[in-house]
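Biologist: I'd like a close look at one helix-helix packing in this model. Could you walk me through it and what surrounds it?

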Protein chains: 2
Amino acid sequence: MVKKPVPDATRRSEKSRRAIYDAALALVAEVGYPKTTIEGIAARAGVGKQTIYRWWPSKADVLLEAFLDLGEQAARQAGQVPYEIPDTGDLAADLKAVLRATVDELLDPRFEAPSRALAAEGLVNEQLSREFVAKLLEPQLQLYVNRLRAAQATGAVRPDVDPRIALELFVSPLAQRWLQRTAPITYAYTDTLVDYALYGLAPR
Amino acid sequence: MVKKPVPDATRRSEKSRRAIYDAALALVAEVGYPKTTIEGIAARAGVGKQTIYRWWPSKADVLLEAFLDLGEQAARQAGQVPYEIPDTGDLAADLKAVLRATVDELLDPRFEAPSRALAAEGLVNEQLSREFVAKLLEPQLQLYVNRLRAAQATGAVRPDVDPRIALELFVSPLAQRWLQRTAPITYAYTDTLVDYALYGLAPR
């Protein structure tokens with residue numbers, strides 16, 4: 001029979017887990033994904049590598065959870081837990097608010113370097129890319145799907161619009177500017193994206 | 001006084017140039033940007049490395065021109081030289097046609113592997129990224145700016161719309177799906193993006 005963990009052990013293991021996340025994010029930012037190893041993460045976190053293997057089967061899994069945790073911390077700081085897109089009844093205002101929070105996150109140095117390193121690897125590593133899209137990116141995009149469906153229910157979005165494509169009109173431009181550094185990202189920019197997407201470029 | 005090159009020498013140098021482009025694109029696709037070297041390109045192209053240094057100061061410059069050439073070849077094959085977005089007077093049809101051609105190019109294996117390798121390096125190498133955006137990506141985006149400005153002149157696009165932001169509503173979603181493999185890219189998808197961008201998600 002497995003003993004119930006005592007509070008001290010729980011605290012120790014939470015502390016190790018956080019140290020491992022921090023080490024994994026720092027390493028991938030500094031040396032890139034291919035050179036990040038379980039051994040390297042363990043050494044930097046000050047834990048044995050068996051501690052890591054006990055919890056995660058691979059470095060991809062450690063990084064996936066480290067990113068999920070980073071996103072949750074950011075959401076908690078922004079008072080957005082449980083994480084969902086607000087529904088005040090004003091779709092444009094709600095989308096602008098969540099995109100402004102995303103701008104803040106993308107410009108946060110704690111987030112930027114590890115995210116770039118991981119995205120760079122995803123471009124050339126299809127398996128990693130598909131795992132991260134399925135577990136990390138797509139669940140975030142589904143929050144927009146939910147908000148757009150609610151807007152369809154109230155008539156703020158046309159009923160024939162596919163929400164999974166529609167969200168890309170304001171999410172993808174921000175992603176591309178950040179990923180490829182094509183132009184600056186600002187609140188004014190994301191506000192404009194929302195207005196153009198909702199009301200269209202053609203005259204009304 | 002420099003002798004005018006004789007036709008044979010011109011042909012030889014055109015052949016070397018093409019061999020160097022092919023070698024550069026193949027190498028970056030196979031081993032990635034950091035491990036691609038001028039020496040490696042020269043060896044694969046069957047030329048001396050001084051031949052490469054005579055024409056280009058760095059591997060980034062070789063790759064930049066190799067990509068420009070690849071894009072020109074694709075445009076020539078598609079009958080789009082000089083390269084500009086057609087203006088038939090039907091903005092939606094013109095944008096759909098050019099995005100369908102872009103889908104074809106993104107799914108072409110000759111284009112895909114080197115482009116991914118270069119984009120991956122751009123994510124973590126800000127200097128390279130800025131050079132490629134300035135010389136390669138932004139000039140392509142300006143073609144959309146020109147077409148949207150023409151549409152503003154005829155009243156097909158609202159006069160208060162910023163064309164440089166507006167183009168991102170249909171260009172960036174395609175780029176993100178391709179870069180991050182978030183979902184398939186098809187003609188139906190890009191057609192839908194154009195319709196949503198022009199007419200908006202909100203009811204008219």
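Biologist: At what angle do helix α4 and helix α6 of chain A pack, and how far apart are their axes?

Modeller: Bear in mind that this is a predicted model, where local features need pLDDT of at least 70 and side-chain atom pairs count only at pLDDT 80 or more, while totals for chains, interfaces and linings use all residues. Residues are numbered from 1 along each chain as its sequence is written, chains are lettered from A and ligands numbered from 1 in the order written, and side-chain values use heavy atoms, with hydrogens and water left out.

Now to your pair. Helix α4 (residues 59–77) and helix α6 (residues 109–124) of chain A pack at about 150 degrees, their axes 12 Å apart. Helices here are DSSP runs (H or I, at least four residues; strands are E, at least two), numbered from the N terminus. Axes are lines fitted to C-alpha atoms over the stretch in contact, with angles from 0 to 180 degrees between N-to-C directions. That angle makes α4(A) roughly antiparallel to α6(A) (over 145 degrees). The crossing of α4(A) past α6(A) is left-handed (the near helix is turned anticlockwise from the far one by less than a right angle).

Who touches whom? From α4(A) come L63(A), F67(A), L70(A) and Q77(A), and they meet R110(A), F111(A), P114(A), S115(A) and L118(A) of α6(A) (contact being heavy atoms within 4.5 Å). By type, this contact splits into six nonpolar, two polar and one charged residue (Ala, Val, Leu, Ile, Met, Phe, Trp, Tyr, Cys and Pro are nonpolar, Asp, Glu, Lys and Arg charged, the others, Gly among them, polar).

F67(A) has another partner. Over all chains there are nine aromatic pairs, and one of them joins F67(A) to F132(A), edge-to-face, 6.5 Å centre to centre with 85 degrees between the planes (Phe, Tyr and six-membered Trp rings pair with centres within 6.5 Å, and over 60 degrees is edge-to-face). F132(A) sits in helix α7 (residues 126–154) of chain A and F67(A) in α4, so the pair ties together parts 65 residues apart in sequence.

As for annotation, the unreviewed UniProt entry puts "domain: HTH tetR-type" at residues 14–74 of chain A, a span that is 80% helix and 0% strand, with its end C-alpha atoms 18 Å apart. UniProt also lists a "DNA-binding region" at residues 37–56 of chain A, again from an unreviewed entry; that stretch is 75% helix and 0% strand, its end C-alpha atoms 13 Å apart.

Methods
UniProt positions are given in the numbering used here, feature names are shortened, and annotations may be inferred rather than shown by experiment. Angles under 35 degrees count as roughly parallel, over 145 as roughly antiparallel, 65 to 115 as roughly perpendicular and the rest as oblique. Rings of Phe, Tyr and Trp (its six-membered ring) pair if their centres lie within 6.5 Å; planes under 30 degrees apart count as stacked, over 60 as edge-to-face and the rest as tilted.
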